[in-house]
Amino acid sequence: MTPEREVLIEKLVHGGEGLARLPDGQVIFVPDVIPGERVRVKITQDRGDYALAQVLDILEPSSKRKSPLCEYFGSCGGCQFQHLPYEDQLREKLQIFKETLSRLGKIEEDLIKGISPSPKDFHYRNRLQFHVHQETGALGFLKRRSHDLVPVRYCHLTTAEINEVLARLPEIPAWKRLHPYIKRVNLGLSPLENKVVMLFWTKVPPRDEDLYEILSEISVLKAIFYWVRGPKPEGPYSSEAPFKGRRLFPAPQEITGLKKDQYFLASAGAFTQANWDINLALISYVKKMAGVQPEEKVLDLHCGIGNFLLPLAVSSGKGLGVDTDHRAISDGRENALNWGLNGVELRVSSAIEALIDLFKEAESFPVVILDPPRGGCKEILRFLPDVACDRLIYVSCDPPSLARDLRLLREKGFLIEEIMAFDMFPQTFHLESATLLRRKS
Ligand SMILES: C[S@@+](CC[C@H](N)C(=O)[O-])C[C@H]1O[C@@H](n2cnc3c(N)ncnc32)[C@H](O)[C@@H]1O
């Protein structure tokens, strides 16, 4: 095969790449393009049925094409859509979502009601995980289609506070002493304090003096935690660590239905939704979908710190949440108490163990929430009909695994009522969604 070809981009697909076809029908995937563009590409990997290519020249650019804001766009693996205006990103993402659900799950397009835009299209991320450059100590992301590192001094997706740490950390002498043992660093904003919590994974426990030197050099840092091994990280290291160094997220009363504004506490390393503004819109939507009645008990099988469980359980004061992460569960318990939800129980358990226990106890729930990690939750679906007796809400960050699981749930007697997409991750192909299903009576 000639490695350089001229092709027409037909459409964008899951992963954000453009799809084009060679005259012999072979499909090729091309990054950083827009449907309708004619481009000259170089084939970089031929995998038989399909090939991967990179753009050499845009011969006929789309009128929508814009200059990416970020100097690392194109090499950094983080963003795929900075060359598209935000409105067009939304349209393309919805189209890709519909096509993925139809192709992999046989889900009808008219069930998908739309896409809710992110209030911010840049500077929305409250947490980021970085790799550490072993020689220089710079933080960065992985290159596209590679395990190499792109060191970054600034990320347009995240907040000013996280960017301040990102820019300052590599220059600090204590960091230069510590970084050879550190592979990954997680920086998370505590939005109610405008402070950053740092968590890193290290092979060797650091000296306290080094941690305090970093804290004194970067005043926006609230606390440092580190993880060598064991069930939880060491810390907080801080001159003063309110709430034991945990992050604080707003839970406004118009979302929770409580009489006053509240907050969520989250420990270092516990899962939190990355874009809090759209998360609040998602909570509100899920709450409306669930329509919890005063006597109804809510079951959340991946409850984390209580992000959906607690706002939904406000209507009845009754709920059960499970999660395998004991730090998230202990945060969730404290959040429930702070919110006055004494009838909400949180347990450390896997979803499957919880379902088996509930089945043995002959307990069923009119409202069940699923919000699994990226791989979905195929393994628990066969136990769900015994426990979920009416509405089931499936929150997903991965359309392919959602499509597979929805198809299986239909086979198990659930009807899909509606699906809504939420743009939790502007500039990238990632998408969040909520699906309402109902058990056939
Ligand atoms: C996408 S997060 C969602 C958490 C929460 N719903 C939220 O919105 O913040 C997925 C959660 O599933 C938990 N998890 C992973 N595997 C699990 C399992 N087998 N059973 C229950 N929870 C699990 C993780 O610890 C994580 O908190």
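## Strand pairing and the sheet

In this predicted model, Ser190 has Lys195 of S12 as its bridge partner. The two strands involved, S11 (residues 182-190) and S12 (residues 195-202), pair in the antiparallel sense over eight bridges.

S11 and S12 belong to an open sheet of seven strands, ordered S10-S9-S8-S11-S12-S13-S14, with mixed pairing. Its edges are strand S10 (149-151) and strand S14 (234-237), each of which pairs on one side only. From one strand to the next, the twist averages 30°.

## Helices on the sheet

Helix H2 (residues 160-168) lies across strand S8 (127-132), strand S9 (139-142), S11, S12 and strand S13 (221-227). Relative to S12, H2 runs at about 45°.

## Contact of H1 and H11

Helix H1 (residues 86-105) and helix H11 (residues 399-411) have axes that come within 8 Å and cross at roughly 45°. H1 and H11 are therefore oblique to each other, and their crossing is right-handed.

On the H1 side the contact is made by Phe97, Thr100, Leu101, Leu104 and Gly105. H11 contributes Pro399, Pro400, Ala403, Arg404, Leu406 and Arg407. By class, the residues of this contact are seven nonpolar, two polar and two charged.

## Ligand surroundings

The ligand is surrounded by 20 residues, of which the closest are His302, Gly304, Asn307, Asp325 and Asp371. The shell divides into ten nonpolar, seven polar and three charged residues.

Key. Residues are numbered from 1 along each chain as its sequence is written. This is a predicted model: local features need pLDDT of at least 70, side-chain atom pairs count only at pLDDT 80 or more; totals for chains, interfaces and linings use all residues. Two strands pair if DSSP finds at least two bridges between them. Helices (H or I, at least four residues) and strands (E, at least two) are DSSP runs, numbered from the N terminus. Axes are lines fitted to C-alpha atoms, for helices over the stretch in contact, and angles run from 0 to 180 degrees between N-to-C directions. Two residues are in contact if their C-beta atoms, placed from the backbone, lie within 7 Å. A residue is near a molecule or strand if its C-beta atom, placed from the backbone, lies within 6 Å of it. Ala, Val, Leu, Ile, Met, Phe, Trp, Tyr, Cys and Pro count as nonpolar, Asp, Glu, Lys and Arg as charged, and the others, Gly among them, as polar. Angles under 35 degrees count as roughly parallel, over 145 as roughly antiparallel, 65 to 115 as roughly perpendicular and the rest as oblique. A crossing is left-handed if the near helix is turned anticlockwise from the far one by less than a right angle, and right-handed if clockwise.
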